[in-house]
Amino acid sequence: MINIALIGGSGLYLPVMLKNIEESAIDTPYGQVIYAHGEINSKRAVFMARHSRDHSVPPHMVNYRANIWALKKLGVKAIIASTAVGSLNAKMKVGDIVVPDQVLDFTKNRIYTFFDGKDKRVAHIDLTEPYCPFLRKMLLRCALKDSFVCHGGGTYVCTEGPRFETGAEIKMYKILGGDIVGMTGVPELVLAREAQMCYAAFSLVTNMAAGISPSPLSHKEVFDCMEKSKAAIALYIESVLAALAEFDEDCSCRHALDDFGGFAP
Ligand code: HPA
C-alpha cells in the first residue's frame, strides 16, 4: 500500500526528490495508467505525470477517472496536485505560489463522476470546501520555510482549454471572484473527493491572464516560468512530501461518500 501521491502538472515530470524510483502500470476500468513510485523518508510515494512524461495529453483529454481510480487502488489516502495557472489578481504575481481554497468550474465536456448510474448508484458529494483543509494547512506551513511568495487562499477558475481564455472571459471570471485560472483542477478534485481521498493543490503562477498580461499568451511562457522555478519547487515538494508522509488525519474527505455506501475500487 502507498498512502501518498503527487500529481505533477505542466513542467513537473521528474520526481527528483524520490529515491529508488520505479515505473509501473496499473489497469483500471477506464484504461491503463503509468505511474512512478519511490521513497521519501523511508515511506513510499506515488508520482503521476498528469499530461504524461512527454506532455502529450492535453488538459481536456486527461483520463482523470483512470488516474484517480489507480491512486485509490494503490492505497493512496492523500493527494497533492501541482498546477500551472494564469493570474487575474494583481497581488498574485508570476513566480508566486497559490494554495487555492475555492473553485469556479467552467469546464464543458468532461466526465465528472465515477457514479454514472450504470450500477444504479448515484452520488452527490459535498464540495462546499473543495480542497482538504488539513492538506491546505500543511502546504502553507511548508511554503513558509521556502523562498517564494505563497498565497494562502484564492479562487481557482477551471476552463476547458486547451486554448487560453479570451480577454472578455477573464474580465468575467474576475467579476465573479476568480483569482487564478487553469485547465486541470476539475474534475480531478471532484473525483478525488468521490474516492474519499484528501486532495489539495498548489498552483504556480506562470503568467498574468489574457488581457491582463501586456503580451499574447504562449505555452512557451508557461514552460519558461516552470523551468525558472524548478529548483525552488523541487525543494518545496520535498518538504511537502516529507510532511505528507506523516499525515494521517481521519478527516471528512475520507468519509465523503459514507451516505452513499462508500467507494471501493
Ligand atoms: N490560462 C489557463 N491555464 C493556464 C494559464 C492561463 O493563463 N497559464 C497556465 N495555465
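Strand 5 supplies the largest share of the shell around the ligand, namely three residues; strands here are DSSP runs of type E with at least two residues, helices are runs of H or I with at least four, and both are numbered from the N terminus. This is a predicted model, in which local features need pLDDT of at least 70 and side-chain atom pairs count only at pLDDT 80 or more, whereas totals for chains, interfaces and linings use all residues. Residues are numbered from 1 along each chain as its sequence is written, and side-chain values use heavy atoms, with hydrogens and water left out.

**The ligand and its surroundings**

- The residues around the ligand are Ala-84, Val-85, Gly-86, Phe-164, Glu-165, Val-181, Gly-182, Met-183, Thr-206, Asn-207, Leu-217 and Val-222; a residue is counted if one of its heavy atoms lies within 4 Å of the ligand.
- By class, this shell has seven nonpolar, four polar and one charged residues.
- Polar contacts are pairs of N or O atoms within 3.5 Å. A polar side-chain atom of Asn-207 lies 2.7 Å from a nitrogen atom of the ligand.
- The protein covers 95% of the 260 Å² of accessible area that the ligand has on its own, as given by the Shrake-Rupley method with a 1.4 Å probe.

**The nonpolar cores**

- A nonpolar core is a set of buried Ala, Val, Leu, Ile, Met, Phe, Trp, Tyr and Cys residues joined through side-chain atoms within 4.5 Å, where buried means under 20% relative accessible area (1.4 Å probe, protein chains only).
- The largest such core has 43 residues, of which Val-46, Ile-68, Leu-71, Ile-79, Phe-114 and Tyr-199 touch the most other members.
- Helix 1 gives the most to this core, with six residues.
- Another core, of 38 residues, lies apart from it and includes Ile-97, Cys-132, Ala-200 and Ala-245.
- Beyond its neighbours within four places in sequence, Tyr-199 has contacts that include Arg-50, Ile-79, Tyr-131 and Leu-189; contact means heavy atoms within 4.5 Å.

**Helix 1**

- Nine of the ten residues of helix 1 are buried, including Tyr-64, Ile-68, Trp-69 and Leu-71.
- Among the elements that cover these buried residues are strand 1, strand 5 and helix 4.
- Just after helix 1, Gly-75 takes a positive phi of about 100°.

Notes:
Buried < 20%, exposed > 50% of the residue type's maximum accessible area, 1.4 Å probe, protein only. Polar contact = N/O pair within 3.5 Å; in protein donor to acceptor, adjacent residues only side chain to side chain. Nonpolar A, V, L, I, M, F, W, Y, C, P; charged D, E, K, R; others polar.
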